[in-house]
Amino acid sequence: MAIQTRVISSTIASPWYLHQLGKFGASALLTLFALILVSAFLTPFAYSALTAIKDKEQITASARGSILPVDRVKFTYEGKEYDVVKVPFEDGVRELALFIKGRQESTFIDPADPTAEPIVWKGSWRTLEPVERLAPRWGNFAIAWQQVNFPRLIFNTLVIAVLGVIGTLLSCISVAYAFARFPIPGKRILFLILIGTIILPSQVTLVPTYTFFARIGWVGTWLPLIVPHFFANAYNVFLIRQYFLTLPRDLDEAAMIDGAGPFRILLSVIIPQSWPVIVAVALFHTVFAWNDYFMPLIYLLGKPELQPISVGIQVFNFQYGQQPHLIQATALMGLALPVLIFFMAQRVFMRGVVITGVEK
Amino acid sequence: MSLKRIQQIWGFIFLSPWIIGFLAFTLFPLAASLILSFTDYNLNRADEIHWLGFANYMKIFTDPLVGISLAATFKFALIALPLSIILPVGLAALLNAKQLKGKRILRTLFYMPYMVPVVSSVYIWQGMLNTETGWINRFLGLLGIAGPNWLNDIVWIYPALNIIGIWGIGNAFLITLAAMQGVPTELYEAATVDGAGPWGRFRNVTLPMISPVIFYNLVLSVIGLFRYFEIPYILSQGTGRPGNAQMFFNLHLYKTAFVFKEMGYGSALAWLLFAMAFIATLALFVSSRRWVYYASGDGF
C-alpha cells in the first residue's frame, strides 16, 4: 500500500512534461541500444559485401588498408604511370603524382597542370599516403559465377529441392490428415513417437542408412536426398496437423453426406482451405534443401557435377582458397535466395517457427 | 464393417507414409546400427564381416580421439550452453520492452541470419575473425587491443565458434519472444500491486512463465551439441585444426564412418553419442520438475 501511494504521489509531484520526457528518454535510449546491437549483429554482411567487390591486389597489398574497395589513383605522364599521393605543404595538402622518389626529397608533377615545372618536396616519399578512389569490382561476382559453375549448382539444388517439396507435401499432408481426422487406435502414442523423432540424433540411424543406400547403389545419386522426404517428417506433419485442427468439421461432414470418400474430402474440402500452411511447408523445405550441407556432403562426395549449392561453394573454396574476394562473393550468392525468400514471406516463416516451437 | 472400422482403416492408409518411413529410416536403422556396432564391417571390404563382441566398445576407451573429441565438445559447451539460454532470453526481453520502437523490423533482422546457409555464414565469419584483415580485430585495434588469433589458437577457437554460432540464435529467440508475449498482463499488474519492480516482475513472472520454452531450447541445444559438426568441419577443412581443438565428437564419428568407412566402429561411436544425448536429455527432463513451470498443469 505504501509503495502504491508513493508511486501516485511522485507522478503528481513532478510536472507532467518531466514524466513524458522520462518516458521519451527511456524509449530513445532503449531503441538506440537495440539499433547498435542489430548493427553489430549484421556487420558481417557489410564486411562480406565490401570484401566481395575488392580487387585481389588490394587484398594482398596490405592487410590493414581501407575497408572499402579502392584503387590507387595513377597519373600517366609521357607514357609512364605514376602513383598519386597526398603531399603536405604549408598551405595545405596537395594531390600530386610521384615522379622521382627520394629519401631526402622527391619530385612531383601536378596532374592538374602537367606542363608546369616539376615540384620538389623535402621529406621521405615513404611517409606519403596514396590517393585512393572508390572502385567496386562488380566483375568479381561474374568471375565467381563462372568459376563455381553456379548455373549447374542452382540447377542441381532446385531439382533436389522441388522433388523434396513434392515428397514432403504429399506425405506430410496425408499423415497430418490421418492425425487430425481419423480415429486411429493408439493415436496419442503414435503422435508422441513422431514428435520424439525430433530429438533423436540422426547420427545413430545414419550409418546403417548410408550402408543400405551404398549397397543398393544410391550413394553418388540424388535419391538419398529426395526419397526419404516422401515418408513424412515430424516438423511438417506437426505444422500441417495444427492447421487442419483449426478447420471446421462441418464441411467435411457435409461432403461425407454427399457421398464423398476420404480422398475426395482431402482433395476438395481440406486442401483448398489449407493453402497458407502448404505454401509455408513448401517454402520451409525449399530453404532447408538449399541450406542443407551434411547430407549432400556424405552422399555426393566426389560427384561435383551433382552437388548442390552448399557443398559446391565449400568444395570450390577448399580447392581455390586464398581468394578472399571470391570466397565472399560465393558466400553472398549462396545466401541470396533463402534470405530473399525470407524477406518476402517473413510472416509465414516466423509464424511457422512459433507454432512448432511453442505449442508442442 | 462398421463405419468406425472403415474410418480406422482409412486412418492407417493416410498414416502409412510415416509408418513405413519410421520403420525404414528410424527403427530398422536403429536396430541395424546396434548390430553393426558389434562387428568389424567396413564398406571398403564389404564382403567380409566378423562378429567382434564388445571389441568396438572396448576400443572407445583406448581410442585417444574419443577423449580429445569429448573434451573439445565439453570446452565448447562450457560457453555455448549458458549462451544458448541467456542470449535468446535477453534479446527477447529487449524486443518485448514496451518502450522499444521499431520492434517488427528489429525482430525480422535478428531472425534473418538464421536463414543464411551454414556454408555462407562460416565463410563470412572466417573473414570477420581473420587475425589481420578481419573487422573484429581491426575494431579491437582501434581500441588499442591486440586481437587474438581466433581461428588458429586452441583456446580462442571456442569463443570464435560461439561468435559464429550467434547467427543461429533466430529460432530460440523467436519462440522465447512469442512465449513472453503470451504471458497474461494481469500477472504483471498483480505483481506491480504487490510492489515488484521491473527486475522482480521479470524474475518472478516472466521467467517462470517462459520456463517451458527455455527448457525446450535447452534440450535442443544439448542435442545440437552432440551433433555439432558443420561449422568446425568447414572451418577446419575437415581436419579438426588447430591441434585437435575442433575435433568434435561428431567429426570423429564422421571421419570413422564416412571417410574410413569403418561402419562397425562408427556405429559404436554413434551409439555412444546416442547414449550420451539420451542421458543428458533424461537428466534435463528429471531436473525440469524442479524448475519448469507448466501453467496448464501438463508437460509436453
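The centres of domain 2 and domain 3 of chain A, taken over C-alpha atoms, are separated by 60 Å. These belong to a division of chain A into domain 1 (2-51), domain 2 (70-134) and domain 3 (141-358), with bounds that come from an automatic or database domain assignment. The model is predicted, so local features need pLDDT of at least 70 and side-chain atom pairs count only at pLDDT 80 or more, while totals for chains, interfaces and linings use all residues. Residues are numbered from 1 along each chain as its sequence is written, and chains are lettered from A and ligands numbered from 1 in the order in which they are written.

Turning to the contact between the chains, 71 residues come from chain A and 77 residues from chain B; two residues are in contact if their C-beta atoms, placed from the backbone, lie within 7 Å. On the side of chain A that touches chain B, at least two residues each are supplied by H2 (16-52), H5, H7 (203-215), H12 (275-291), H13 (294-299), H14 (309-319), H15 (324-344) and H16 (346-358). Helices (H or I, at least four residues) and strands (E, at least two) are DSSP runs, numbered from the N terminus. H2(A) gives the largest share of this side, with 13 residues. By class, the side of chain A that touches chain B has 50 nonpolar, 20 polar and 1 charged residues. Here Ala, Val, Leu, Ile, Met, Phe, Trp, Tyr, Cys and Pro count as nonpolar, Asp, Glu, Lys and Arg as charged, and the others, Gly among them, as polar.

Within chain A, the axes of H5 (residues 150-181) and H9 (residues 234-246) come within 8 Å and cross at roughly 50 degrees. Axes are lines fitted to C-alpha atoms, for helices over the stretch in contact, and angles run from 0 to 180 degrees between N-to-C directions. H5(A) is therefore oblique to H9(A); angles under 35 degrees count as roughly parallel, over 145 as roughly antiparallel, 65 to 115 as roughly perpendicular and the rest as oblique. Residues of H5(A) in this contact include A:Thr168, A:Cys172 and A:Phe179, and those of H9(A) include A:Asn236, A:Arg241 and A:Phe244. By class, the contact has 11 nonpolar, 2 polar and 1 charged residues.

Chain B holds 13 helices and 0 strands. Its C-alpha atoms fill a box of roughly 75 × 75 × 35 Å, taken along the principal axes.
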